[in-house]
Structures are given as structure tokens and as C-alpha cells.
Amino acid sequence: MRAQNSATTVPTIAVTSSAGLGSGGTATAATPAAAAPRRAVSSGTTLAALGVLTFSLTFPATAWGLESFGPWSLVAVRSVLAALIAAGFLLALRVRLPDRAHWAGLAVVGGGVVVGFPLLTTLALQTSTTSHAAVVVGLLPLTTAVFSSLRGGTRPSRTFWTAAVAGAAVVIGFTLQQSGGALSTGDAYLFGALLVCAAGYTEGGRLARTMPGWQVIGWALVLCLPLTAAGAAIGLAYEPVHLTGHGLAGLVWVAAGSTFLGLYVWYRGMAEIGAARASQLQLAQPLLTLVWSVTLLGERLSPAAPAAAVAVLVCIAVTQRA
């Protein structure tokens, strides 16, 4: 029996070792354990990129929504509709209530991305163009990375920070050039939106490590429902409503697309690849928003757009590798 065990054990070790070594005798990444992280990064990047694509339509859709609703009504109604969608999924799938320890984080998510960011950017869009408002999104990746570093204790490399700052500078310079370089009265709203959204993204990314991303935004929406329902009732009573096709389409998109679907895939992707790395994908969002602004709103695009797009994509590539 002892000889039989030795005979069967040695070939097993030899096969296992040779499968994990390349021609130079070093371990390769062809093993399932090494392939799994690569698949997770690829999946997370795809989901986060889909979230960025969804978010890039938010400002044009909000501009459409403002054709039919006042700013307070639009924000409150979009949140109520999104909360009803989320509640339907939560009930249908019989998702149990989150642990008590998660409610404070969900409140931060709700205050940042459900109420704060939509309200402040909608107020800003009353006096700012969508291209000027895109400066918020240009600064958001860097701000989110800073919040993530402070909240999670991560320390990205110097190369990461250099590329992130460079990408943010490119986006800021481009969007300010698009708006003539002058600050609008909505800038205070925009910078406030930047801070609250970065906090919400960071906290949501942390929670998405312990629960599915759609449940993070779903419970945040439900948590805010009493506040947003009251806001919708008051807003609709005091602000005039003029229903148009554009207005209804904009409302539906910011409710179902930006607020629920977009945040679901964004938080899920951020949980897989990290808040700092995912946030850098948003450097492309202002340029995508400008494309939609030209297509949907008829705004003119500067010839500097292709150069800015290439510069931003280079910065994104550097941050992903760093």
C-alpha cells in the first residue's frame, strides 16, 4: 500500500506543477484561480462602463424633462418612480431588509445620489448648458477617488493620481472652453452636487461588496420614498406642468435609466473593480454627454472634441493599468 501511494502521488504532483509553469519555469496565469480575477475585472469594467453610458444621457434627459416639469417636481417625481420600480423588484424577489448596520450607509447613498445630485444639477441646468454642467462629471472621478481613499484607506500609486489629475484637467478645460470660460450662477449647485455624489458613490461601492448593487440603490430609493413622495406632492401643486413628448421621455429615462438601471450596474461594477478605478471611467462621460447634447438637443460641438476625447481615453488607460 505504501508503494502504491507513492506511485500515484508523484505523477499527480508532476502534472499539477507542469500545468502551472510556462516555458521559462515561472507560474502562468492560465489556472482557474488566476483567470477568475481577470474575469471579475473584465465584468466589473463592462458594468461600470455601461453605467457611465447610462449616466451620460442624464443631463440631456433632464433638459427634456424641464420642458414639462419644474426642477423640484422633476427631481421628486423621478425619485418616486424609481423607488416604485425598486420596491417592485425587492418585493417580487422577497429580499429581506438590510442589516441595521447598513442603514446609515444607505442614507448617505440616498442623500447623495437619489436626492442631492439630481436636485442640485437640475437647479444648475436652469441657468447652465449641459456642456457647462458636464464639468461636474469631469471632476467627479477624481473626487470619488479621494473619497474612496479616505473612506477605505486605499493608497493608489503616484502614476494613478497623476493620470487622474491630468484627465480631470483635460475634461475641465474642455468643458470650460465649450462654455466660453465664464462661470455661471449654477456653479455653486454644480460643485455641491460634485461633493454629495462622490460621497454617495463611495459609500454605495462599499455596500455593494456585501449586497448586490441593485439592492443598494433599491433600498436607498425606498428609504428616501417618504421624503420624495412629499416633495412630489408639493412640487406638482406649486410648479406648472406642461406635458410634452420630450418631457415625458426625459422623466422616464432619468427615473428608470439613470436613477435605477444606471446605478445598479455602476455599483455592481464598482464592487468588482474598486471605486477608484471605476471612477476613472467617468472621465469619458462629459464627452459622451456632449455627443448626446448635439444629437438630442441640437447643441454645436467644438472641433476640440476629438483631441479631448483622445487625451481622456489615454488618461483612462493609464489609470486602469496603474
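In which helix do Arg206 and Glu203 both lie, and how many residues apart are they?

Modeller: Both lie in helix H8, residues 187-207, and they are 3 residues apart, about one turn of the helix. Helices here are DSSP runs of H or I with at least four residues, strands are E runs of at least two, and numbering starts at the N terminus. An α-helix has 3.6 residues a turn, so residues three or four places apart point the same way.

A word on the basis. This is a predicted model, where local features need pLDDT of at least 70 and side-chain atom pairs pLDDT 80 or more, while totals for chains, interfaces and linings use all residues. Residues are numbered from 1 along each chain as its sequence is written, and side-chain values use heavy atoms, without hydrogens or water.

Back to the pair. The side chains of Arg206 and Glu203 form a salt bridge, at 2.5 Å from N to O. The term needs a side-chain nitrogen of Lys or Arg within 4 Å of a carboxyl oxygen of Asp or Glu. Glu203 is buried, at 7% relative accessible area. Arg206 is partly exposed, at 29%. The cut-offs are under 20% for buried, over 50% for exposed and partly exposed in between, with a 1.4 Å probe and protein chains only.

The whole structure holds 2 salt bridges. Asp99 and Arg96 also make one, with their closest N and O atoms 3.5 Å apart. Here Asp99 is partly exposed at 40%, and Arg96 is exposed at 62%.

Next, Tyr201, also a part of the core. The largest nonpolar core has 58 residues, and Tyr201 is among those with the most contacts inside it, along with Val113, Val216, Leu221, Trp266 and Tyr267. Such a core is a set of buried Ala, Val, Leu, Ile, Met, Phe, Trp, Tyr and Cys residues joined through side-chain atoms within 4.5 Å. Leaving out residues up to four places away in sequence, Tyr201 touches Phe55, Val113, Leu140, Thr144, Leu263, Trp266, Tyr267, Met270 and Gln282. A contact means heavy atoms within 4.5 Å. There is also a second, separate core of 7 residues, including Phe69, Ala76, Val80 and Leu251.

Now the whole chain. It has 13 helices and 0 strands. Buried residues make up 47% of its 322 residues. Of the contacts between residues at least 6 apart in sequence, 89% join residues at least 24 apart. Ala307 sits in helix H13, residues 305-321, and is exposed at 55% relative accessibility.

Helix H12 covers residues 285-297. Its 13 residues reach 17 Å from first to last C-alpha, close to the 18 Å expected at 1.5 Å a residue. That expected span is 1.5 Å times one less than the number of residues. Buried residues of H12 are Gln285, Pro286, Leu287, Thr289, Leu290 and Ser293. Just after H12, Gly298 takes a positive phi of about 80°.

One last stop is on the outside. Leu243 lies in the loop between helix H9 (213-238) and helix H10 (245-273). Leu243 is exposed, at 56% relative accessible area.
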